[in-house]
Amino acid sequence: MPLTVFTTSTLSTKTNKTGEAFSAVLAKPIMSEDWVIAKQGARVEGVIVDSDPGGKVKGVASLTLGLRRLTLADGRTIELNTDAVIAEAKTSKGKDAKKVGIGAGIGAAIGAIAGGGSGAAIGAAVGGGAGTAATLATRGDPAEFAAESELNFTLSSPVTITEKK
C-alpha cells in the first residue's frame, strides 16, 4: 500500500539542496479496521535525498525525495524509511539546437555585412560557435515538484505502531 502525500510547497533543483527537509500532508487516512492510525491531512516530513541541477553539457536535472516522519492521529511522531520518488527535468536538446542555430544565423548576417560570400561562411561558423558556447554555459530546466503535487511513496522498511490507550 503506497503512502500518498501532497507537497505543501514547490520543490526544485533551482532552490532546494540535498539534505534539506520538506513538508507534506497525508492525502488519505491510514486505517486498520476501525482504528485511525493517521488522519487525512496529517503532517509528513521528508528530506531531499538528492538535488542534482544537471550538467551544463549533458544530463538533465533530477530531484529525489524520501519521507522520514509521520504524525499519528494520537499526536505521536514515528520514523519512516521510504523508497525514493524522483522528478527529472525535461531534456533541453531542442532548445539547445535552436540556440546554436540562432547563433549561426546571426553570425552569417554579420559575416555578410562584413564582406559577403566567404565572410558569411566565417560569420556562420563564429555565430554557431557563440551559440554553442551560450548553450554550454547555461544549465537546462530545473527538476521540480509543484506545490500540492500528489506523490506515492512505498515503505522500504516495516513500521510497527501500537495503539495508545
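Thr-4 has Asn-152 of strand 11 as its bridge partner. The model is predicted: local features need pLDDT of at least 70 and side-chain atom pairs count only at pLDDT 80 or more, while totals for chains, interfaces and linings use all residues. Residues are numbered from 1 along each chain as its sequence is written, and side-chain values use heavy atoms, with hydrogens and water left out. Strands here are DSSP runs of E with at least two residues, numbered from the N terminus. Two strands count as paired if DSSP finds at least two bridges between them.

Strand 1 covers residues 3-7. Strand 11 covers residues 150-153 and runs antiparallel to strand 1, with four bridges joining them. Strand 1 also pairs with strand 3 (residues 21-26). That pairing is antiparallel too and has three bridges. Within it, Phe-6 stands opposite Val-25. Strand 1 is mostly covered, with four of its five residues buried. Buried means under 20% relative accessible area, exposed means over 50%, and partly exposed lies in between (1.4 Å probe, protein chains only).

Strand 7 spans residues 62-71. Seven of its ten residues are buried, so the strand is mostly covered. Strand 6 (residues 43-52) joins strand 7 through eight antiparallel bridges.

Strand 8 is another partner, antiparallel to strand 7 over three bridges. Thr-71 has Thr-77 of strand 8 as its bridge partner. Strands 7 and 8 form a hairpin with five residues between them. Gly-75 sits in the turn and has a positive phi of about 95°. In a regular strand the side chains alternate between the two faces of the sheet.

## A network of salt bridges

The structure holds four salt bridges. A salt bridge is a side-chain nitrogen of Lys or Arg within 4 Å of a carboxyl oxygen of Asp or Glu. Arg-43 and Glu-45 form one of them, at 3.6 Å from N to O. Arg-43 is partly exposed at 45% relative accessibility. Glu-45 is partly exposed as well, at 21%.

Glu-45 also meets Arg-69 in a salt bridge, at 3.0 Å from N to O. This pair links distant parts of the chain: Arg-69 in strand 7 and Glu-45 in strand 6 are 24 residues apart. Arg-69 is partly exposed, with a relative accessible area of 30%. Glu-79 forms a salt bridge with Arg-69 too, and their closest N and O atoms are 3.4 Å apart. Glu-79 lies in strand 8 (residues 77-79) and Arg-69 in strand 7, so this pair ties together parts that are ten residues apart in sequence. Glu-79 is exposed, at 55% relative accessible area. Through shared partners, the salt bridges join Arg-43, Glu-45, Arg-69 and Glu-79 into one network.

## The second largest pocket

A pocket is found on a 1 Å grid over the protein atoms alone: an open set of points where a 1.4 Å probe fits, with protein on both sides within 12 Å along at least five of seven lines. Lining residues have an atom within 4 Å of a point. The second largest pocket has a volume of about 170 Å³, which is the space filled by probe spheres set on grid points joined across faces, edges and corners.

This pocket is lined by 14 residues. Met-1, Leu-3, Ile-30, Leu-70 and Leu-155 lie nearest its centre. By class, the lining has 13 nonpolar residues, one polar and no charged. Ala, Val, Leu, Ile, Met, Phe, Trp, Tyr, Cys and Pro count as nonpolar, Asp, Glu, Lys and Arg as charged, and the others, Gly among them, as polar.

Leu-155 lies in the segment after strand 11. Leu-155 is partly exposed, with a relative accessible area of 39%. Leu-155 touches Leu-80, Asn-81 and Thr-82, leaving aside residues up to four places away in sequence. Contact means heavy atoms within 4.5 Å.

Met-31 belongs to strand 4 (residues 30-32). Met-31 is partly exposed, at 42% relative accessible area. With residues up to four places away again left out, Met-31 touches Val-36 and Ile-37.
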